[in-house]
Amino acid sequence: MRFGVLGPLTVWAADGRTVSVPELKVRALLACLLAHRGRPVSADRLVADLWGERPPARPAAALQNKVWQLRRALEAAAPGARDLVVSRAPGYELRTAPGSVDADRFGQLTARARAAAEPHARAALLADALAQWRGPAFADFADEEFARRAAAGLEEQRLTALEEQAEARLELGEHALVADELGDLVAAQPLRERLRTAHMRALYLAGRQADALHGFTELRQRLVDELGVDPGPEPTAVYRAILAQDAPPAAVPPPATTVARPPTNIPGPGAADGLIGRDPDIAALRSDLLRHRLVTLIGPGGVGKTQLALAVAAGAAADFPGGVRLVELAALPPARDRRGTEPAELVAGVLGVRDDIAPPPRTAAGPQSLTDRIVQALGEGPALLVLDNCEHVVDSVAELVAALLAAAPGLTVLATGQVPLQVRGERLHEVGPLTETDAVALFTARARASAPHIAVDGENAATVAAICRRLDGLPLALEMAATRVRVLGVAELAARLDDRFHVLASGLRDAPARQRTLRAVIDWSWELLGERERTVLRRLAVHACGCGLDAAETLCPADGVDRSEVLDLLARLVDASLVVVADTPDGPRYRLLESVSAYAVEQLRDRGELDALRVAHRDYYTGFAERAEPQLRGHEQRRWLRLLDTEGANLRAALDSAAEAGDTDRSLRLVNALTWYWRLRGRYEEAARRLGTALSLAGARSGAAGPREHARGTAGATARLGGMKLALGGTQDPAAEYRTALASYEGVDDPAGLAWSRWYLSAHLYGIADSGPGEELLMLALAGFESLGDRWGTAAALAGLAFRAKLRGDFTGVREYGERSLALFRELGDTWGQLQSMIALQTRAEALGRYTVAGRLHREGLRMAEDLGLWPEVSYQLSGLGRIALLTGEPVRAREFHERARRLSAEQADVFGELYAETGLALGARREGRLDAAEEHWERVLELHVRMGYEPVAPPLVLAELGFVAEARGRVREALRLQHEGLAAARALAS
């Protein structure tokens with residue numbers, strides 16, 4: 001159970017449902033206990049806080065009654081939750097788990113942000129922290145004495161976090177946006193010197209020197225008048241630097257684009273530090289990458305292909321300014337006899353390519369393929385794509401690589417695998433074993449790291465060299481053997497290895513020599529494990545690309561291993577180099593190297609455990625997806641998006657496993673739970689494919705679900721698939737599509753599912769000629785949500801109605817629906833929902849000339865869209881800021897915003913976003929008197945209009961603006977003709 005005090009007092013159950021705590025004094029009791037959490041509050045103090053100067057006749061009995069009501073409310077939401085309110089002298093205490101109060105989570109995130117070295121990481125963590133806030137702390141008890149001190153302390157922490165976030169964003173070059181965003185905050189907090197200093201820096205670096213100097217003058221005057229002191233050293237230093245022009249505005253350039261495509265997802269140059277004996281390979285590969293567009297590292301498992309590729313890529317950033325990106329393919333299922341689409345989807349995901357483009361991108365031949373959009377996202381500059389572990393999907397990877405290299409002239413591909421891709425122009429680099437000298441160096445380094453007290457020196461040098469020869473110089477085999485020096489010593493290790501290899505040699509003669517070596521080392525390491533360690537190791541192999549601690553503790557216990565023992569057994573396996581552990585923001589993750597994983601799967605199969613364990617794996621990740629789904633609609637949205645991203649390989653494995661086993665129950669549950677995640681991440685193609693697969697199994701009726709649950713699951717998946725088809729534009733008759741989708745609910749008792757499906761389908765119907773069906777569905781959805789008390793659904797339906805009111809110019813409706821929706825989404829903490837509510841309100845404010853309000857809403861929307869990676873929305877918000885700058889007479893800023901929007905839209909194949917940005921650039925160029933540039937932009941707008949299939953080809957706005965350009969050039973007849981054509985086009989459209 002979780003508690004929220006950063007806004008109105010709120011309680012959430014484990015599944016994300018809001019827990020009702022009735023009666024004001026019961027809520028006040030809970031608020032008081034939360035304000036003093038971690039310690040008991042005396043009964044006398046509680047009576048005074050709840051009743052003030054008018055206590056009841058029997059205060060102790062009255063207080064006990066309120067405690068009983070609070071316990072009953074908590075117990076009704078979660079069995080056992082009544083025990084959170086404990087009697088402890090001299091009164092009562094609320095026992096909360098770590099991180100279960102949003103204020104504590106806020107504190108944890110800000111602490112992590114302060115420990116982060118990189119400004120991008122600090123800014124992201126602070127954004128996560130500030131997203132916990134839903135309004136003023138203890139908002140509904142702000143006037144109560146018991147909450148006042150706690151609320152004031154939390155507000156001070158919030159302001160400090162905002163200051164730190166502004167400083168981090170200034171390091172990232174976001175000068176203009178920070179300058180605008182801090183304006184209102186400075187006005188509300190005029191004496192905060194750190195805040196004022198950040199605002200001055202932002203104004204100055206954005207080219208607004210006069211405003212920056214005025215800010216210091218105002219601060220100095222206020223401090224003297226109100227406190228009788230002068231400004232401190234920080235704002236004074238910035239003031240003097242501005243006067244001296246010590247830091248010119250261009251010193252830190254604004255970002256060329258947004259964070260949609262970070263230049264690399266590969267660890268820094270230190271990736272090569274741990275490699276021993278690979279300097280010649282690194283040099284040769286760097287040279288190859290400059291002369292060949294496809295370089296493939298081939299070699300047996302355990303030879304170090306991945307680490308070598310990462311080391312090469314980490315040092316190649318200067319040669320590939322278009323970006324260096326890693327795509328890990330190991331978790332994909334084998335393609336068998338089909339050409340899989342998953343490699344392209346993984347590449348698109350790494351590049352930030354999304355499917356939620358409206359209208360869907362097209363070419364002259366029809367809808368644009370995912371490969372075409374990847375090409376567009378790669379851009380024209382030199383870029384490096386690292387495709388790791390290609391062997392099990394080699395055909396589909398080869399097809400994708402060939403298409404990308406043919407269409408993207410600046411692209412270079414570095415692939416790894418056990419077999420070549422066999423694509424024209426491929427340069428093969430065979431990764432061989434280490435030389436004896438390098439093998440000895442690696443073994444020695446790893447042995448000393450594992451057992452510093454054991455000498456590996458001249459006295460046993462010959463034995464170490466013999467071990468390295470026996471292990472064929474394979475890095476993985478050397479590392480695994482070196483960890484045993486701590487227990488066996490060098491001499492005993494050599495003896496045992498020699499015995500083991502003699503035993504295994506006859507049974508492995510049909511395998512290549514290096515494969516026999518690695519297999520023998522893994523087999524030998526397995527035999528050195530205790531039975532409990534073997535149990536954990538083999539069961540860990542059911543995961544794809546690793547797992548978190550909870551998953552390991554859930555799925556690994558068996559054969560007498562208890563959940564409480566798993567962590568200790570994992571630690572032993574890490575020490576033996578059989579398991580790799582990584583520390584992440586969400587806790588440790590454990591994974592097996594591919595060779596070890598393959599061996600462990602064999603052990604599972606030999607013991608007859610594999611099928612049952614895969615069922616357990618499906619069950620765990622189905623439950624995980626269902627726990628995550630409601631969290632994607634609240635203040636934990638960003639965190640759960642990240643968790644789902646991290647577990648993407650396991651979720652795909654669970655879906656594939658369910659399809660192969662004909663497990664309809666879990667298949668339907670998984671796709672229904674994941675649809676909103678796919679929607680937020682813009683993965684419509686993947687969603688449609690997975691939903692279609694699940695529905696194809698629906699007739700089998702396998703699993704534990706009864707007829708009612710099965711019918712609900714099928715109806716929900718059918719409606720979700722219909723919505724995805726509408727979103728992708730792959731249907732000739734949208735009205736028939738949504739009717740078919742909703743027909744699956746006939747005879748199904750699921751009012752919540754029906755309301756959600758009506759809303760979801762309506763969200764994709766606003767583009768059809770007849771807007772009636774979409775609005776009718778929205779009204780029905782709204783009525784359903786309100787009757788169920790579903791606040792999120794109500795807010796979503798209101799946002800849809802506000803958007804439709806905007807389309808028809810009904811600004812009264814925009815305000816009525818939009819402001820109600822925004823208030824609800826803010827209470828819920830749903831960032832995506834707040835952004836949807838703001839879009840119509842932004843248009844209304846701009847149309848009514850309220851540019852300050854419009855600018856604030858656009859800046860808020862931009863930050864939210866960037867936080868969630870909603871790149872089409874980011875582009876739209878940037879163009880919106882450009883429009884406001886145009887309207888307020890700031891042409892240079894308008895051009896910067898529109899150009900950033902245009903570049904981002906072009907990267908994402910977002911033709912509408914590109915057209916909107918080009919229109920802004922054209923309007924600005926004409927107003928600045930740059931007539932040639934204006935004509936070029938309008939020509940580009942017309943070209944984009946044709947690509948989108950819009951009618952008429954020359955819209956009234958373009959004709960009118962070209963007429964203004966002709967007029968400015970003195971070509972009166974041409975100007976008059978263009979204006980007449982524009983007027984005729986407007987009349988034809990009844991515009």
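User: At roughly what angle do the axes of helix H37 and helix H38 cross, and within what distance do they come?

Analyst: Start with the general idea: two packed helices are described by the angle between their axes and the distance between the axes. Keep in mind that this is a predicted model. Here, the axes of H37 (residues 851-868) and H38 (residues 871-887) cross at roughly 155° and come within 9 Å. Angles over 145 degrees count as roughly antiparallel, so H37 is roughly antiparallel to H38. The crossing of H37 past H38 is left-handed.

User: Which residues meet there?

Analyst: On the H37 side they include Tyr851, Leu857, His858 and Leu862, and on the H38 side Trp871, Tyr876, Leu881 and Ile884 are among them. By class, the residues of this contact split into 12 nonpolar, 5 polar and 3 charged.

User: Let's do a sheet. In what order do S13, S14 and S15 sit?

Analyst: The order is S13-S15-S14, in an open sheet of 3 strands with antiparallel pairing. S13 (547-548) and S14 (580-584) stand at the edges with a single partner strand each, so one side of each has no neighbour in the sheet. S14 pairs with S15 (residues 587-591) over 5 bridges, in the antiparallel sense. Thr584 is opposite Gly587 of S15.

User: And how many residues of helix H21 are buried?

Analyst: Buried means under 20% relative accessible area. In H21 (residues 531-540), 8 of the 10 residues are buried, so the helix is largely enclosed by the rest of the structure. Charged names turn up in that set too: Glu533, Arg534, Arg538 and Arg539 are among the buried residues, along with others including Val536 and Leu537.

Key:
Residues are numbered from 1 along each chain as its sequence is written. This is a predicted model: local features need pLDDT of at least 70, side-chain atom pairs count only at pLDDT 80 or more; totals for chains, interfaces and linings use all residues. Side-chain values use heavy atoms; hydrogens and water are left out. Axes are lines fitted to C-alpha atoms, for helices over the stretch in contact, and angles run from 0 to 180 degrees between N-to-C directions. Helices (H or I, at least four residues) and strands (E, at least two) are DSSP runs, numbered from the N terminus. Angles under 35 degrees count as roughly parallel, over 145 as roughly antiparallel, 65 to 115 as roughly perpendicular and the rest as oblique. A crossing is left-handed if the near helix is turned anticlockwise from the far one by less than a right angle, and right-handed if clockwise. Contact means heavy atoms within 4.5 Å. Two strands pair if DSSP finds at least two bridges between them. Buried means under 20% relative accessible area, exposed over 50%, partly exposed in between (1.4 Å probe, protein chains only).
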